[in-house]
Amino acid sequence: MAEGVVGAAAYSRTPGVLAEVWGRSVPRDVVLVVGAAAMTGAAAQVALPVPGSPVPITGQTFAVLLAAAALGPTRGAVSMLLYVVAGGLGVPWFAGGASGLGTATLGYLLGFVLAAALVGRLAVAGADRRPWRTIGMMAAGNALIYLVGVPWLAVAMGVSLSRALALGFVPYLIGDVLKAVLAAGLLPGAWRLLRRLPTRDANRRNR
């Protein structure tokens, strides 16, 4: 009983995001930022074309939002900015191995940066520690990506906003729901696991 109370107290004092549980440093932050950008690039290679749309179904958004929840707003946004800038300069890690920014999907890429900042901030507030809150956090991040991506798609393709919604929003809803449910298992599960592990403060006291 006492151990459970102590564990719960230690859990409540853990840092706002998963990446900070064992502290932080500049080299670690650099590795995390670059790693998150690379993870997003790898997830983008899992791409399924959508007939009539230049926006494929990929693992990008899941990687973006998951990384942001783990890293927090600043490192999450910086990692996605690195992803966008490096891809724009020629790194072939956009969907299907593409690079460059002159595409109809640029709005979604810019939305990644904003969504990472939002989701990271929500995670700091504890939104990734309970399944339903995690689903809401993922929904908010996805909504922001579409809020930027769909209007850009409409302009780039020269179509109406309703047509852009049909091409760049509707086909992805089922996948977004599945990704949110998966995140609702992964993120709170990771926090539950941390309750059973020694915290940094506890390690210091034991020295």
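First, how the angles work: axes are lines fitted to C-alpha atoms, for helices over the stretch in contact, and angles run from 0 to 180 degrees between N-to-C directions. Helices (H or I, at least four residues) and strands (E, at least two) are DSSP runs, numbered from the N terminus.

A word on the source. This is a predicted model, where local features need pLDDT of at least 70, side-chain atom pairs count only at pLDDT 80 or more, and totals for chains, interfaces and linings use all residues. Residues are numbered from 1 along each chain as its sequence is written, and side-chain values use heavy atoms, with hydrogens and water left out.

Start with H3 and H6. Their axes lie 10 Å apart, at an angle of about 125°. So H3 is oblique to H6; angles under 35 degrees count as roughly parallel, over 145 as roughly antiparallel, 65 to 115 as roughly perpendicular and the rest as oblique. The crossing is right-handed, meaning the near helix is turned clockwise from the far one by less than a right angle. Contact here means heavy atoms within 4.5 Å. From H3, Thr 61, Phe 62, Leu 65 and Ala 69 meet Met 137, Met 138, Gly 141, Asn 142 and Ile 145 of H6. That contact has six nonpolar, three polar and no charged residues. For the classes, Ala, Val, Leu, Ile, Met, Phe, Trp, Tyr, Cys and Pro count as nonpolar, Asp, Glu, Lys and Arg as charged, and the others, Gly among them, as polar.

Next, H5 (residues 106-124) against H6 (residues 131-157). The angle is about 160°, with axes 8 Å apart. H5 is therefore roughly antiparallel to H6. This contact includes Leu 110, Leu 114 and Leu 118 of H5, and Leu 144, Val 148 and Trp 152 of H6. It has 19 nonpolar, four polar and no charged residues.

Now H3 on H5. The axes come within 7 Å and cross at roughly 35°. The crossing is right-handed. Among the contacting residues are Val 64 and Ala 68 in H3, and Phe 112 and Val 119 in H5.

Last, the largest pocket. Which residues lie nearest its centre? Val 55, Pro 56, Thr 58, Gln 60 and Tyr 108, out of 25 lining residues. A pocket is an open set of points on a 1 Å grid over the protein atoms alone, where a 1.4 Å probe fits, with protein on both sides within 12 Å along at least five of seven lines; lining residues have an atom within 4 Å of a point. Strand E2 (53-58) gives the most, with five residues. The lining has 15 nonpolar, eight polar and two charged residues.
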